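Please keep both the sequence and the model at hand while following it.

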There are 2 protein chains.
Amino acid sequence: MERALVHGSFPNEQPEAGMASNERLEFLGDSVINVVVSQALYERYPNADEGELTARRAAIVSTTGLSRVARRIDLGSSLLLGQGAERSGARRRPSVLAAALEAVAGAVHLSLGLDATRTFVGQLLAPELARDVPADALKSPKNRLQEAVHTRSLPHPRYRTLSVEGPHHRRHFVVEVAVDGLGSWRGEGNNRRRAETAAAEAALAAMRSLGAGDR
Amino acid sequence: MERALVHGSFPNEQPEAGMASNERLEFLGDSVINVVVSQALYERYPNADEGELTARRAAIVSTTGLSRVARRIDLGSSLLLGQGAERSGARRRPSVLAAALEAVAGAVHLSLGLDATRTFVGQLLAPELARDVPADALKSPKNRLQEAVHTRSLPHPRYRTLSVEGPHHRRHFVVEVAVDGLGSWRGEGNNRRRAETAAAEAALAAMRSLGAGDR
């Protein structure tokens, strides 16, 4: 469980401390959360087809969705970070928080087995699993942004990659989406699609607070 | 378990039979297989980083990988198909076989719980989990094809989408990859990336049997 709280920046900066990062646990925990959420949705929506179930799962296990859960349990305050990452605000970054939550799920799974982990993860995500998101809101954030700007007769959103960093198996993308006449927003993720999705989510959130969004 | 063997084409053609397809079970079983494979790899490769674990998992749970397992247990002969799908050869199609295997895993999971399912899926995939694929072979099929043609001074592989069918939440892509002077191969999948990956795998398999592949 300690290891689940060690962000990769810490052992990178202080290898002499001999601590491993939470990245392997994140790999495991991602699949653990996925199966628990899949089963909960399978049971909760007996008439939903595979496409709807997939969209509902994606909304819950997205970086945005999992980071919200991590914030609810104040997971950020327990993270061990390198100083550089700390200064750049990694402790509040959605991708860092979501990854740590996955790592915690992975650690619980290794200690207690799959059936016990289902109870743990199910309780942790209970508010998300209980939210009956309307089918319309299940569309991808990029699609919803597209529709929202279309409805307002605004120009098409344009996506632009600002940076790609890290080795090829651990890329970090930062993408910007711009809507002329409205503004631009950034998103990040470990692939381009996730980064674009996060940028579109940021744009939609801003449009909602401007009273121009899709809800 | 019966439902896990019902391909979507059967209830589509004979709705009066009142049978549901295996698509919801496939959704669930996909995540079940994923978590079992993730844990097995986590334990088997204690020094592999997240990137290597992800690549190893992708190789096992790919359409190609799972359809191989389905063929080993002759799952195709037990499938219930519509007549049209039967005539078009769906019973031997990798995507159909892989989906049915996922549905079986989902059904076992619903009947027996996660811990018992781990034993079942672990035994089913034991040969795949025991194969120590060299790190080089873990690169994506598209990357390996790129390298293989480069090594032979052949032109770049070109990918072309032949067809996209189905509603937006259940697309079916057929893609062709062509290497001038060598041939062209098809792949299919429920998104473009998977279809391209399958096409690249087909090309690599052909190159291997021509003695021009990457192994």
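Leaving aside its neighbours within four places in sequence, with which residues is B:Leu101 in contact? The structure is a predicted model, and in it B:Leu101 is in contact with B:Leu66, B:Val69, B:Ala70 and B:Leu75 once those neighbours are set aside. B:Leu101 also belongs to the largest nonpolar core, a set of 74 residues. Within this core, the members that touch the most others are A:Ala100, A:Leu101, B:Ala100 and B:Leu101. In soluble globular proteins, nonpolar side chains tend to be buried together.

The relation between the two chains may be considered next. The same surface serves both copies, since 100% of the contact residues of chain A recur in chain B.

The contact itself involves 24 residues of chain A and 24 residues of chain B. On the side of chain A that touches chain B, the elements giving two or more residues are helix 2 (23–44), helix 3 (50–61) and helix 7 (114–124). Helix 2 of chain A gives the most, with 12 residues. By residue class, this side of chain A divides into 8 nonpolar, 8 polar and 8 charged residues.

Within chain A, the domain assignment gives domain 1 (3–132) and domain 2 (141–209). The centres of these two domains of chain A, taken over C-alpha atoms, are separated by 23 Å.

Chain A also contains paired strands. Strand 1 (residues 158–165) of chain A runs antiparallel to strand 2 of chain A, and 7 bridges join them. In this pairing, A:Glu165 stands opposite A:His172 of strand 2. Strand 2 of chain A pairs with strand 3 (residues 183–189) of chain A in the antiparallel sense, over 7 bridges. Here A:Val174 has A:Glu188 of strand 3 as its bridge partner, and A:Val177 stands opposite A:Trp185 of strand 3. Strands 2 and 3 of chain A form a hairpin with 3 residues between them. In its turn, A:Gly181 has a positive phi of about 85°.

Which residues form the covered face of strand 2 (residues 172–179) of chain A, and which the uncovered one? The covered face consists of A:Phe173, A:Val175, A:Val177 and A:Val179. The uncovered face consists of A:His172, A:Val174, A:Glu176 and A:Ala178.

A positive phi also occurs outside glycine. A:Asp74, in the loop between helix 4 (63–72) and helix 5 (83–87) of chain A, has a phi near 55°, a positive value in a residue other than glycine. A:Asp74 counts as exposed because it has 8 C-beta neighbours inside 10 Å. In chain B, B:Asp74 lies in the loop between helix 4 and helix 5 (83–87), and has a positive phi of about 55° although it is not a glycine. B:Asp74 likewise counts as exposed, with 8 C-beta neighbours inside 10 Å.

Finally, B:Arg68 is placed in helix 4 (residues 63–72) of chain B. Because 17 other C-beta atoms lie within 10 Å, B:Arg68 is partly exposed. B:Arg68 and B:Gln83 are 15 residues apart in sequence, and their C-alpha atoms are 24 Å apart in space.

Technical notes:
Residues are numbered from 1 along each chain as its sequence is written. Chains are lettered from A and ligands numbered from 1 in the order in which they are written. This is a predicted model: local features need pLDDT of at least 70, side-chain atom pairs count only at pLDDT 80 or more; totals for chains, interfaces and linings use all residues. Two residues are in contact if their C-beta atoms, placed from the backbone, lie within 7 Å. Helices (H or I, at least four residues) and strands (E, at least two) are DSSP runs, numbered from the N terminus. Ala, Val, Leu, Ile, Met, Phe, Trp, Tyr, Cys and Pro count as nonpolar, Asp, Glu, Lys and Arg as charged, and the others, Gly among them, as polar. Domain bounds come from an automatic or database domain assignment. A nonpolar core is a set of buried Ala, Val, Leu, Ile, Met, Phe, Trp, Tyr and Cys residues joined through C-beta atoms within 7 Å. A residue is buried if 20 or more other C-beta atoms lie within 10 Å of its own, exposed if 12 or fewer, and partly exposed in between; C-beta atoms are placed from the backbone. Two strands pair if DSSP finds at least two bridges between them.
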